[in-house]
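Below is a briefing on one chain, grouped by topic. Please have the coordinates open while reading.

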Amino acid sequence: MSKFDKRGNPVSYHSQSAIDDLDKAFELLAAYQADPMAATDAILAEHPDFVMAHAFRAGMFATATDKAFEAELIKSVTAAEALAGKANGREQLYIKAARAWLDGDFERGVELWGRVSIAYPRDLTALQFAHVGDFFLGYSHMLRDRVARVLPHWDRGVPGYGFVLGMYAFGLEEAGEYALAEENGREAYALNPQDGWAAHAVAHVLEMQGRAKEGVDFLGKTAGQWAPNSLFAYHLFWHKALFHIDTNDAGGALNLHDEKVSAGGFGQALELLDGSALLWRLQLLGHDVGERWNDLADKWETRLDDGYYVFNDANAMMALVGTQRTDAQKRLIASVKRRASGQGTNAMMCREVGVPACEGLAAFGRGDYALSIEFLSPVRAKANRFGGSHAQRDMFSWTLTEAAIRLGDRALADAFVAERLSWKPESPVNRAWAARAATLKQVRAG
Ligand SMILES: [Fe+2]
């Protein structure tokens, strides 16, 4: 006879206490609190035949989007597949999703977790894996709509409701519905102040609306709740650093880099992304970031040939440009080009965005601003194809604006600046660019 988890989803395992323990691990993951992996490993040590625990572990490693975890992903997928005969339909879909991801078909993996979420709308974890997958695939509207599909099945009486609201808030934000996003995000955060994803959704709204002072304030005041034991704090502090930059406080941003963003030792790709993206912005604005690039570049260099996820590679390129490691830059571009001719989701991402993104950043590093713009300008329109958030992909706009000014191209500089001012008119960063652009000579084409 089937047993059920706390949200009523069928689980094909005999021990209710193991199922209850796995529920706790699900909720740790939903809140980004330490440590769902350790909790799952402890369950599996006692219950090695618990197929849902293996499938959950596989999903966690898959959605880390880091080749460094692939061996563990293989272990979990293999273990889950070996037990698939005992799994119910829901669990079998989880296993197929993780297998698709492992085989490089990220789109299929996300679709399959999404199918679980449709069939079992109160399956918090399938929704989260699909949601995070939507993020890594840059599916801005699916970040909202996949959650909207299941919302009618949730209310405050269902455990974990706040997590669903937090996901919905982030999806609304990525879809540009800022007022509703903020409302849902703040409600989710009030329901659970340890919910890092809910705080994150609010931070994104403040970022997209140029409310930098409020951002510093909100994340500063709430950090005491979401930061302790968080596996995601580095990213929220990255957001806080962006707010500091946009309040003319580069020193505050550098301190956050040193004390918070780097606190985990840049042990995983997701942390390295934030380190690169922060230093890149500071350096573009002319701030001296000292030796900070070296550690990042060293750690990225161990991943240059992994061909796993080109969003990582583009951020690796920033560190290689920051350290002027031209041989490594060439190696990375060759690797991304090689992957572009292959199969799977990452190959598509490499072709459409990764190759021109890496070429454009490398050209910027060589001071070839015209070539950098040639590569990066067309990427702007489709950059979502290689994943991330609007806030992360904003680095293309930053780089293009700075490149146009350094090139001395008044028309381009004015265009990029106008675009930035249209959504962040008060930003001191944008205003400084506008002032520099205004000093360039007008040259009319034709
Ligand atoms: Fe973010």
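Predicted model: local features only at pLDDT ≥ 70, side-chain atom pairs only at ≥ 80, totals over all residues.

How are H22 and H23 oriented to each other? They are roughly antiparallel, since an angle over 145 degrees counts as such and these two helices pack at about 160 degrees.

**Overall build**

- The chain's secondary structure consists of 23 helices and two strands.
- The C-alpha trace extends over about 80 × 45 × 40 Å when taken along its principal axes.
- Of the 446 residues in the chain, 55% are buried.
- Taking contacts between residues at least 6 apart in sequence, 59% link residues at least 24 apart.

**Helix pair H22 and H23**

- A pair of packed helices is described by the angle between the two axes and the distance between them.
- H22 covers residues 410-423 and H23 covers residues 428-438, and their axes are 9 Å apart.
- The crossing of H22 past H23 is left-handed.
- On the H22 side the contact is formed by Arg410, Ala413, Asp414, Val417, Arg420 and Leu421, and on the H23 side by Asn430, Trp433, Ala434 and Ala437.
- By class, this contact of H22 with H23 holds six nonpolar residues, one polar residue and three charged residues.

**Helix pair H7 and H8**

- H7 (residues 124-137) and H8 (residues 140-150) have axes that come within 9 Å and cross at roughly 160 degrees.
- H7 and H8 are therefore roughly antiparallel to each other.
- H7 and H8 make a right-handed crossing.
- H7 contributes Leu127, Ala130, His131, Asp134 and Phe135, which meet Met142, Leu143, Arg146, Val147 and Val150 of H8.
- Seven nonpolar, one polar and two charged residues make up the contact of H7 with H8.

**Helix pair H15 and H16**

- The axes of H15 (residues 269-284) and H16 (residues 292-301) approach within 10 Å, with a crossing angle of roughly 140 degrees.
- H15 is therefore oblique to H16, because roughly antiparallel would need an angle over 145 degrees.
- H15 passes H16 with left-handed sense.
- Leu272, Gly275, Ser276 and Leu279 of H15 make the contact with Arg292, Trp293, Leu296, Lys299 and Trp300 of H16.
- The residues in the contact of H15 with H16 are five nonpolar, two polar and two charged.

**His239**

- His239 is part of helix H13, which spans residues 233-245.
- Is His239 buried or exposed? His239 is buried, because 25 other C-beta atoms lie within 10 Å, where 20 or more are needed.
- Leaving out residues up to four places away in sequence, His239 touches Ala203, Glu207, Gly215 and Leu219.
- His54 is 185 residues away from His239 in sequence, and the C-alpha to C-alpha distance between the two is 33 Å.

**Backbone features in the loops**

- Most residues other than glycine have a negative phi, and most peptide bonds are trans.
- The peptide bond from Ala34 to Asp35 is cis, and its omega is near -5 degrees.
- Asp35 sits in the loop between H1 (16-31) and H2 (36-46).
- Tyr32 is also in the loop between H1 and H2; Tyr32 is not a glycine, yet its phi is positive at about 60 degrees.
- Tyr32 counts as buried because 22 other C-beta atoms lie within 10 Å.
- Asn248 is another residue that is not a glycine but has a positive phi, here about 65 degrees.
- Asn248 belongs to the loop between H13 and H14 (250-261).
- Asn248 is partly exposed, because it has 14 C-beta neighbours inside 10 Å, while a buried residue needs 20 or more and an exposed one has 12 or fewer.

Technical notes: Residues numbered from 1 in each chain as written. Axes fitted to C-alpha atoms, helices over the stretch in contact; angles between N-to-C directions. Helix = DSSP H or I, 4+ residues; strand = E, 2+ residues; numbered from the N terminus. Parallel < 35°, antiparallel > 145°, perpendicular 65-115°, else oblique. Left-handed = near helix turned anticlockwise from the far one by under 90°. Contact = placed C-beta atoms within 7 Å. Nonpolar A, V, L, I, M, F, W, Y, C, P; charged D, E, K, R; others polar.
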